Amino acid sequence: MGKREEQKQNRRQQILLTALHLFVTKGYAATKISDIAEAVPMSVGLMFHYFGSKELLYQELVETGLNQTRQPALIQCDSAIAHFEIFTSTLFDAMQKQPYVAQMFVLMAQTQRSMEAPESIRQLALRVNTISEFVPLIQQGQQEGSIREGDPLALSYCYWCSIQGIAEQYAAHPDMPLPDPNWVVDIVRRKDK
């Protein structure tokens, strides 16, 4: 990749991160393309060179979020509980190093609930179903004896609601300390009697 192409990619990334921050803090409807251009900073005309519309920019962010939800499935572990430990630790580390990670959790949740987002993009965000996708992993862990007994869907719900809440609070308050990942994993971890 040449220097010019690299600069273009860096500028594109800057636009995406700026838009993510504005969509999370102001909402989709309240964020204007001129707000994003001003915050980057660049002219609105140049902004349209990178993204043809606010909707296309928003869609790319949601597609990125959707792709990132596939990351937990890529983790290879010897046990279900190790999967939870590695994923949670890796996620919290990523949130600390890259603030957009926590903001992406907020964006995806907002998009799923929002009636102001374009319906096609809302439907795209609704494809994220990590709660259901973790049910087989919990069932595996229950068979192994590493995951506590109980309804696998309810356990997944507890775990993911905790993750979502932590991400949302961290996005709003990045100076807040993140909890020890084991505290969150303990939601599903089997305790010896």
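How far is the sulfur of cysteine 161 from the closest cysteine sulfur, and in which residue does that sulfur lie?

Reply: The sulfur of cysteine 161 is 7.1 Å from the closest cysteine sulfur, which belongs to cysteine 158, and this is too far for a bond. The model is a predicted one, in which local features need pLDDT of at least 70 and side-chain atom pairs count only at pLDDT 80 or more, while totals for chains, interfaces and linings use all residues. Residues are numbered from 1 along each chain as its sequence is written, and side-chain values use heavy atoms, with hydrogens and water left out.

A disulfide is taken here as a pair of cysteine sulfur atoms within 2.5 Å, and by this rule the count comes to zero. Cysteine 161 is partly exposed, with a relative accessible area of 44%, and cysteine 158 is likewise partly exposed, at 46%; buried means under 20% relative accessible area, exposed over 50%, and partly exposed in between, with a 1.4 Å probe and protein chains only.

Tryptophan 160, by contrast, is buried, as is phenylalanine 134. Aromatic pairs are rings of Phe, Tyr and Trp (its six-membered ring) with centres within 6.5 Å, where planes under 30 degrees apart count as stacked, over 60 as edge-to-face and the rest as tilted; the structure holds 10 such pairs. In one of them, the rings of tyrosine 28 and tyrosine 58 have centres 4.4 Å apart and planes at 50°, so this pair is tilted. It links distant parts of the chain, with tyrosine 28 in the loop between α1 and α2 and tyrosine 58 in helix α4, 30 residues apart; helices are DSSP runs (H or I, at least four residues) numbered from the N terminus. Tyrosine 28 has a relative accessible area of 10% and is therefore buried, and tyrosine 58 is buried at 3%. The charged end of lysine 54 also sits over the ring of tyrosine 28, 4.2 Å from its centre, the criterion being NZ of Lys or CZ of Arg within 6 Å of the ring centre and within 35 degrees of the ring normal.

Returning to tryptophan 160, its pair with phenylalanine 134 is edge-to-face, 5.1 Å centre to centre with 90° between the planes. Because phenylalanine 134 lies in the loop between α8 (130-133) and α9 (135-144) and tryptophan 160 in helix α10 (residues 152-172), the pair ties together parts that are 26 residues apart in sequence.

Helix α6 reaches 20 Å from its first C-alpha to its last, close to the 20 Å expected at 1.5 Å a residue, where the expected span is 1.5 Å times one less than the number of residues.

How values were computed. Helices (H or I, at least four residues) and strands (E, at least two) are DSSP runs, numbered from the N terminus.
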